Amino acid sequence: MSAVVKTVTPFTQRDLLLEALDELGVAYQEKGNAIMTERVDYYGAQCFIYEQGAYRFQHDSSANRQNYHWRKLNFKEWKTVSAFLGAVEKAYHQAYERLQQRLAEEERRRLEAERQRFVEQQKQAVIQRAKEQGYNVKETRKGNKIQLQLVRTTY
Amino acid sequence: MPEQRITVTIDDAGQITAKTAGFKGEACLDELQSLLEELGTLQEVKKTDEYYQQNAVTVKHQQKLGRT
């Protein structure tokens, strides 16, 4: 006999896990290092507990049976623990993608602001030196370029 | 009265191009050097036709944007 097993994506990011639960409409409560969900099995509320760098889902091991008698289960489409974790995992991945996009956008904006600061700095340095050297300065824009006309009358 | 003119163009990456007019002799190069000193690495100096007649010159500074 052979077997292939696959683990659930480690939920390492608290914010992403909470975003995923929000996305799925799962109510939860944070208690210390645990995120208590509204799924209640024989032993109580199922929860994500933060241990060794990731959130592990704690539940009654029998709760993966289709005919398990739940004390409270609001989501009929996720009758088993596996189905629930599969949905959380998918939402977690989507939250991670959104985070990546936000970070990429923030980085793009940061680089753009840095570029604009640099160009402004160059411009101000030229203007200051030109004035110190007795030039009249006129600034115009030509597309993306700044043009400075420095004019000085000699006697 | 004679007029000295420098046209400085700064592109969207901060690269500077400067063109002079109305200077005599090597004065235009000295003037550009003092104006653009430390604002970037000099990439090229192109003496224009006018340079040989009226001593005009165009220089191009290149400054790569980097993290500080």
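What follows is a short chat about the fold and the nonpolar cores of a predicted model.

Reader: Let's start with chain A; how many helices and strands are there in it?
Author: Chain A of this predicted model has two helices and six strands, and along the sequence they follow the pattern α-β-β-β-β-α-β-β.

Reader: And what share of chain A counts as buried?
Author: Of its 155 residues, 17% count as buried.

Reader: Okay, which residues of helix 1 of chain A are buried?
Author: In helix 1, which spans residues 14–24 of chain A, the buried residues are A:Leu17, A:Ala20 and A:Leu21. They lie on the same side of helix 1 of chain A, because the arc they cover around the axis is only 95 degrees. As a general point, an α-helix has 3.6 residues a turn, so residues three or four places apart point the same way.

Reader: What covers those buried residues of helix 1 of chain A?
Author: The cover includes strand 1 (28–31), strand 2 (34–41), strand 3 (44–51) and strand 4 (54–58) of chain A, together with helix 2 (81–132) of that chain.

Reader: Switching topic, which residues have the most contacts inside the largest nonpolar core?
Author: That core has 18 residues, and those with the most contacts inside it are A:Leu150, B:Val8, B:Ala18, B:Leu32 and B:Leu35. Helix 1 of chain B gives the most to this core, namely four residues.

Reader: What does B:Leu35 touch, then?
Author: Leaving aside residues up to four places away in sequence, B:Leu35 touches A:Val126, A:Arg129, A:Ala130, A:Gln133 and B:Ile6. There is also a second, separate core of 15 residues, with A:Leu21, A:Val26, A:Ala63 and A:Phe84 among them.

Conventions: Residues numbered from 1 in each chain as written. Chains lettered and ligands numbered in written order. Predicted model: local features only at pLDDT ≥ 70, side-chain atom pairs only at ≥ 80, totals over all residues. Buried ≥ 20, exposed ≤ 12 C-beta atoms within 10 Å, placed from the backbone. Arc of directions from axis to C-beta. Contact = placed C-beta atoms within 7 Å. Core = buried A, V, L, I, M, F, W, Y, C linked by C-beta atoms within 7 Å.
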